[in-house]
Amino acid sequence: MVLYLPGLLYLFLQIFVFGIILCMKARRRKYFVLRFALSAAAGLGVCTGLNFVHIGGWRLYIFPFICNFGVYIISFKISWFHALLFAVMAYSVQNFIFNTAMVMSFIFGIRGAVGAWLMDILIVPIAVAYYFFVKRLDYDAALQKKNFLMLAVCAILLLLVYVLNSVLPGSDADAAKITARSMIALCILLLQWIVYLILGRDAEKSEKEEIEKRMRMEQEQFSRLRENIDVLNLKYHDLKYLLKSSGNSIDEAESDDIGKLIDRFDSFVQSGNQDLDIVLTEKRMTSEKFDITFNVIADGKALSFLSHGEIYSLFGNLLDNAIEYLQTVSDIEKRTLGLYIHRNGNFVGIRQENYCAEVLEFEDGLPKTKKSKDYHGFGLKSVKYIVEKHNGTMCVEQNDNCFTVNIMFPTSDL
């Protein structure tokens, strides 16, 4: 049997479609359009040239696979491991469609041109369904690591496709071979699902590791900030003593300057929780720098169940997100930021709100921005991680140009 041009190119394009769907969340390499066009053209050229090579058909199946693998690794910022993974998965989906078309043709007695078109008819709805299924998966973080369990699953997938192409020629349609094709199609479907589960698990693991890494860095930042605040407190007391003991020895201008510095120190937040005071004082100073009105009503004692690092990470991320956006607001009067912490019965409530005219898109309960795939990277994800760690709930919403984060912690967990 010889596989000619139309079949070979069609195979390449089918694998290509599903491979690109899988790669759509991967980062693109520099000069992506050029790389993509040249590598795809090269793949088409190779498959065209193979039309003149008389080799057993099943042996030619490997070339569309290799060409697609080349397109993925040349055009996208993925490792050879994940390029191989996507090529195998795309190849297996194409083979699943082929098997399904063969089985349906046999069951319903479809022959001739209609039978040949059945695969074309199936590929469209399956491609659309595949697109929306892959779109829902959050496996971007999983692309940063190699999972050899997935490699083993891919090897099984590739072996199934190889066996199918070599042992069960497309022209055979007796009941036994149709049953075999049905079983292999189901196996391919099952193994595809296993790969997606592994990708999802790896994504969750990578995200958790990244959040914990950020929290360790924030803990170090908090330690340095705490040391700086301690030094400032000493300077504050020295200035008060200097002003009190100097009498009339300091001229009026210098006395006013010292007085302003003391007033600034007197504006330090005092919530009853030293760690929270340090964070809020830092953010208040930053807010003043950008003419942001920062209102705080906080019962810091209610947060005794949170560690030093958790307080810095939770409130630092909440307020940094708001301050970063408010800096871009041209109307100074609208640069408002509020933080309210209170104990209410069996719960401790936290409410952070700020002006926000930008219409935000939400995904999985968290907002996204145009400039970033995730809303300020892992900022709100870090907050959510801490909230869920203490069995709390978190609700993020936007109404009437007001962006709000509401957090509730059960006191039974304190």
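Four salt bridges are counted here, a salt bridge being a side-chain nitrogen of Lys or Arg within 4 Å of a carboxyl oxygen of Asp or Glu. The model is a predicted one, in which local features need pLDDT of at least 70 and side-chain atom pairs count only at pLDDT 80 or more, while totals for chains, interfaces and linings use all residues. Residues are numbered from 1 along each chain as its sequence is written, and side-chain values use heavy atoms, with hydrogens and water left out.

**Salt bridges around Lys283**

Select Lys283 and Asp320, whose side chains meet in a salt bridge at 2.8 Å from N to O. Asp320 belongs to helix α11 (residues 308–326) and Lys283 to helix α10 (residues 274–289), so this pair ties together parts that are 37 residues apart in sequence; helices here are DSSP runs of H or I with at least four residues, strands are runs of E with at least two, and both are numbered from the N terminus. Through shared partners, Glu282, Lys283 and Asp320 are joined into one network of salt bridges.

Lys283 is buried at 5%, whereas Glu282 is partly exposed at 23% and Asp320 is partly exposed at 35%.

**From α11 to α12**

Next select Lys389 and Glu310, a salt bridge in which the closest N and O atoms are 2.9 Å apart. The pair links distant parts of the chain, since Lys389 lies in helix α12 and Glu310 in helix α11, 79 residues apart. The two partners can be contrasted by accessibility: Lys389 is exposed, with a relative accessible area of 51%, while Glu310 is buried, with 5%.

Staying with α12 (residues 379–389), select its buried residues, which are Gly379, Leu380, Lys381, Ser382, Val383, Ile386 and Val387. The helix is followed by Asn391, which has a positive phi near 60°.

Move to β2 (residues 336–344) and β3 (residues 347–355), which pair in the antiparallel sense over eight bridges; two strands are taken to pair if DSSP finds at least two bridges between them. For a reference point, select Tyr340 together with Arg351, its bridge partner in β3. The hairpin of β2 and β3 has two residues between the strands, and in it Gly345 takes a positive phi near 60°. Then extend the selection to β7 (residues 402–410), which runs antiparallel to β3 and is joined to it by nine bridges, with Phe347 standing opposite Pro410 of β7.

**Aromatic pairs**

For the rings, the count comes to nine aromatic pairs, where rings of Phe, Tyr and Trp (its six-membered ring) pair if their centres lie within 6.5 Å, planes under 30 degrees apart counting as stacked, over 60 as edge-to-face and the rest as tilted. Trp80 and Phe81 have ring centres 6.0 Å apart and planes at 75°, so this pair is edge-to-face. Trp80 is partly exposed at 45% relative accessibility, and Phe81 is buried at 2%.

Which residues do ring pairs link into a cluster? Select Phe12, Phe16, Phe32, Phe36 and Phe76 to display it. Arg28 lies over the face of Phe32, at 4.5 Å from the ring centre, a charge being placed over a ring if NZ of Lys or CZ of Arg is within 6 Å of the ring centre and within 35 degrees of the ring normal.

**Nonpolar cores**

A nonpolar core is a set of buried Ala, Val, Leu, Ile, Met, Phe, Trp, Tyr and Cys residues joined through side-chain atoms within 4.5 Å. The largest has 47 residues, and those touching the most other members are Phe18, Leu22, Tyr72, Ile78 and Tyr130. Helices that each supply at least two residues of this core include α1 (5–23), α4 (62–75) and α8 (175–246), and α5 gives the most, with eleven residues. A second, separate core has 40 residues, among them Phe294, Leu318, Leu380 and Val387.

**A last stop at Gly70**

Finish in helix α4 by selecting Gly70, which counts as buried at 17% relative accessibility.

Methods. Buried < 20%, exposed > 50% of the residue type's maximum accessible area, 1.4 Å probe, protein only.
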